[in-house]
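Please consult the sequence and the structure while reading.

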Amino acid sequence: ANSPFLAFADWGRWNQPPSTKLNGGVLYLRPHAGLFECIKGVLYSTNPTRYSHLEAEQGYLRFFFGDTWTHMPYIYNTQKTVLWTMPELWKEDEIVLLH
């Protein structure tokens with residue numbers, strides 16, 4: 001993938017498919033000093049009202065990267081609320097990481 005990072009949709013109690021709102025619980029990043037400095041520079045120079053600071057890192061990552069992240073299968077970061085909000089997706093034997 002050519003996107004800056006791999007992440008997982010935040011499916012659970014508040015968001016359900018086909019939501020592409022990312023979850024910051026598990027991310028796969030390729031370390032790069034220049035990108036890190038850019039992320040910090042934009043963070044420190046941007047008014048927090050421009051992104052959802054109530055969602056902590058998830059709000060900022062969506063602000064910074066937009067929709068350029070690669071969506072990974074939810075089984076690698078399954079929200080525990082999926083069990084009762086989307087039972088049709090709950091396949092316990094396929095879940096790799098429960099968040």
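The questions and answers below set computed values against their definitions.

Q: What kind of model is this, and which pLDDT limits apply?
A: This is a predicted model, in which local features need pLDDT of at least 70 and side-chain atom pairs count only at pLDDT 80 or more, while totals for chains, interfaces and linings use all residues. Residues are numbered from 1 along each chain as its sequence is written, and side-chain values use heavy atoms, with hydrogens and water left out.

Q: Why is the pair of Phe 8 and Tyr 28 called edge-to-face?
A: Rings of Phe, Tyr and Trp (its six-membered ring) pair if their centres lie within 6.5 Å; planes under 30 degrees apart count as stacked, over 60 as edge-to-face and the rest as tilted. A search of the whole structure finds six aromatic pairs. For Phe 8 and Tyr 28 the centres are 6.1 Å apart and the planes stand at 65°, so the pair is edge-to-face.

Q: What makes this pair a tie between separate parts of the sequence?
A: Phe 8 belongs to strand E1 and Tyr 28 to strand E2, so the pair ties together parts that are 20 residues apart in sequence. Helices (H or I, at least four residues) and strands (E, at least two) are DSSP runs, numbered from the N terminus.

Q: Why is Phe 8 classed as buried, and why is Tyr 28 classed as partly exposed?
A: Buried means under 20% relative accessible area, exposed over 50%, and partly exposed in between (1.4 Å probe, protein chains only). Phe 8 has a relative accessible area of 0% and is therefore buried, whereas Tyr 28, at 44%, counts as partly exposed.

Q: How do you know that the pair of Tyr 60 and Phe 63 is tilted?
A: The rings of Tyr 60 and Phe 63 are 6.1 Å apart centre to centre, with 40° between the planes, and the pair is tilted. Tyr 60 and Phe 63 are three residues apart in helix H2, and therefore separated by about one helical turn. Tyr 60 counts as buried because its relative accessibility is 6%; Phe 63, at 24%, counts as partly exposed. Tyr 51, Tyr 60, Phe 63, Phe 64 and Phe 65 form one aromatic cluster.

Q: Why is Pro 31 called exposed?
A: Pro 31 is found in the loop between E2 and H1. Its relative accessibility is 78%, so Pro 31 counts as exposed.

Q: What makes Val 96 exposed?
A: Val 96 lies in the segment after helix H3 (82-85). Val 96 has a relative accessible area of 54% and is therefore exposed.
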